[in-house]
Amino acid sequence: MGSATRSARESARTALTSAKGVTLATGEQLLAAARTIGSSPQLLSALSNPSSDAAGTSTLIDTVFAELSAPARDLLHGMAASRWSSGDDLLAGIEEIGIRAIAASATSSGTIEAELFEFGRAVTSDAELELAIGSKRGAAAEKLALVTSLLGRKASAQTIAIAGHLVQQPRGRRIGELVRSAATTVADSAGKGIATVTVAAPLTEAQRKNVAETIASRYGREHVINQVVDPALVGGVRVQVGDEVTDGSIAARLTELKLQLAG
């Protein structure tokens, strides 16, 4: 990530924090705007070009996105006025702020992250479903309908809005990456991280609490715990936070022992 994009993202996050009247609809509108911009190379170029006239860019936003609510349009104005390293970075920035706005409208902490995690697992565990959702040939409306039918009444409106956007505008990302990135953004908006904990048998409440406290102590902040049960681990626990994996499972120890004996 370039320094220009890093600065622009920080400015956008600050603007969102201080914005008034931000609702679920605000986030949905920003995500819809990202899809509109992403589908038009000319519009994307006009909004992300650092040499574009500021007044002209502002007028363009007011014209194209006249139907947006005041909070959504103000946030979009601010992002377009910032300097981004590339058009793709601008799209990613709008998406991030849209997701953060949606997350802020939720009443239950951790719900969206857990629902996105389960959605991602359900899709990636079914090859046909993953192909239907991830195929470049599929129509966006069809993918949205598929996601809506999958989540139905089981998920929150926030999760459905985020997942629906992701499958309509993947920007070259696979579904697993899409969901992990969105869930990480949601957790970060609440000052938390995400840890995937793989165990041989479901954790008890006491064990889960102990794992959560250990992870929080190591990384300096609370983490949402996504639990995966895999009997092949035999025992112990494997923890993944971002790209870092700590494997304390018995299966990993046995594999290491076998390698040592073979050497």
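Which strands does helix α12 lie across? Helix α12 lies across β1, β2, β3 and β4, running at about 130° to β2. Here axes are lines fitted to C-alpha atoms, for helices over the stretch in contact, and angles run from 0 to 180 degrees between N-to-C directions. Helices (H or I, at least four residues) and strands (E, at least two) are DSSP runs, numbered from the N terminus. The model is a predicted one, in which local features need pLDDT of at least 70 and side-chain atom pairs count only at pLDDT 80 or more, while totals for chains, interfaces and linings use all residues. Residues are numbered from 1 along each chain as its sequence is written, and side-chain values use heavy atoms, with hydrogens and water left out.

Four strands make up an open sheet with mixed pairing, in the order β2-β1-β3-β4; two strands count as paired if DSSP finds at least two bridges between them. At the edges are β2 and β4 (244-247), each of which pairs on one side only. On average, neighbouring strands of this sheet are turned by 20° against each other, direction ignored.

Strand β1 (residues 193-199) is largely enclosed by the rest of the structure, because six of its seven residues are buried. Buried means under 20% relative accessible area, exposed means over 50%, and partly exposed lies in between (1.4 Å probe, protein chains only). With strand β2 (residues 223-229), β1 runs parallel, and seven bridges join the two. From β1 the chain passes through helix α12 (residues 205-219) to β2, a β-α-β crossover that is right-handed. That term applies if, with the strands pointing away from the viewer, the path from the first strand over the helix to the second runs clockwise. The pairing of β1 with strand β3 (residues 237-241) is antiparallel and has four bridges. Here Val199 stands opposite Val237 in β3. On the β2 side, Val197 faces Gln227 as its opposite residue, and Ala195 stands opposite Ile225. Helix α7 (residues 111-124) also packs on the sheet, where it touches β1 and β2, and its direction makes about 30° with that of β2. Contact means heavy atoms within 4.5 Å.

A nonpolar core is a set of buried Ala, Val, Leu, Ile, Met, Phe, Trp, Tyr and Cys residues joined through side-chain atoms within 4.5 Å. The largest has 27 residues, and those with the most contacts inside it are Leu116, Phe119, Ile133, Val147, Ile162 and Ile175. Two or more residues of this core come from each of α6, α7, α8 (127-134), α9 (140-151), α10 and α11. With seven residues, α11 gives the most. Setting aside residues up to four places away in sequence, Leu116 touches Thr159, Ile162, Ala163, Val179, Ala182 and Ala183. Another core, of 24 residues, lies apart from the largest one, and its members include Ile37, Leu75, Met79 and Trp84.

Side chains of opposite charge can pair when their charged atoms come close. Across the whole structure, 13 salt bridges are found, each defined as a side-chain nitrogen of Lys or Arg within 4 Å of a carboxyl oxygen of Asp or Glu. In one of them, Glu96 pairs with Arg9, and their closest N and O atoms are 3.4 Å apart. This pair links distant parts of the chain, with Glu96 in helix α6 (residues 87-104) and Arg9 in helix α1 (residues 3-18), 87 residues apart. Both Glu96 and Arg9 are buried.

Glu95 and Arg173 also meet through their side chains in a salt bridge (3.2 Å, N to O). Glu95 belongs to helix α6 and Arg173 to the loop between α10 (157-168) and α11 (175-189), and these distant parts of the chain are 78 residues apart. Glu95 counts as buried at 5% relative accessibility, and Arg173 counts as buried at 14%.

A further salt bridge joins the side chains of Arg221 and Asp188 (3.1 Å, N to O). Arg221 lies in the loop between α12 and β2 and Asp188 in helix α11, so the pair ties together parts that are 33 residues apart in sequence. Arg221 is partly exposed, with a relative accessible area of 33%, and Asp188 is partly exposed at 28% relative accessibility. Through shared partners, salt bridges join Arg9, Glu10, Arg13, Glu96, Arg100, Asp188 and Arg221 into one network.
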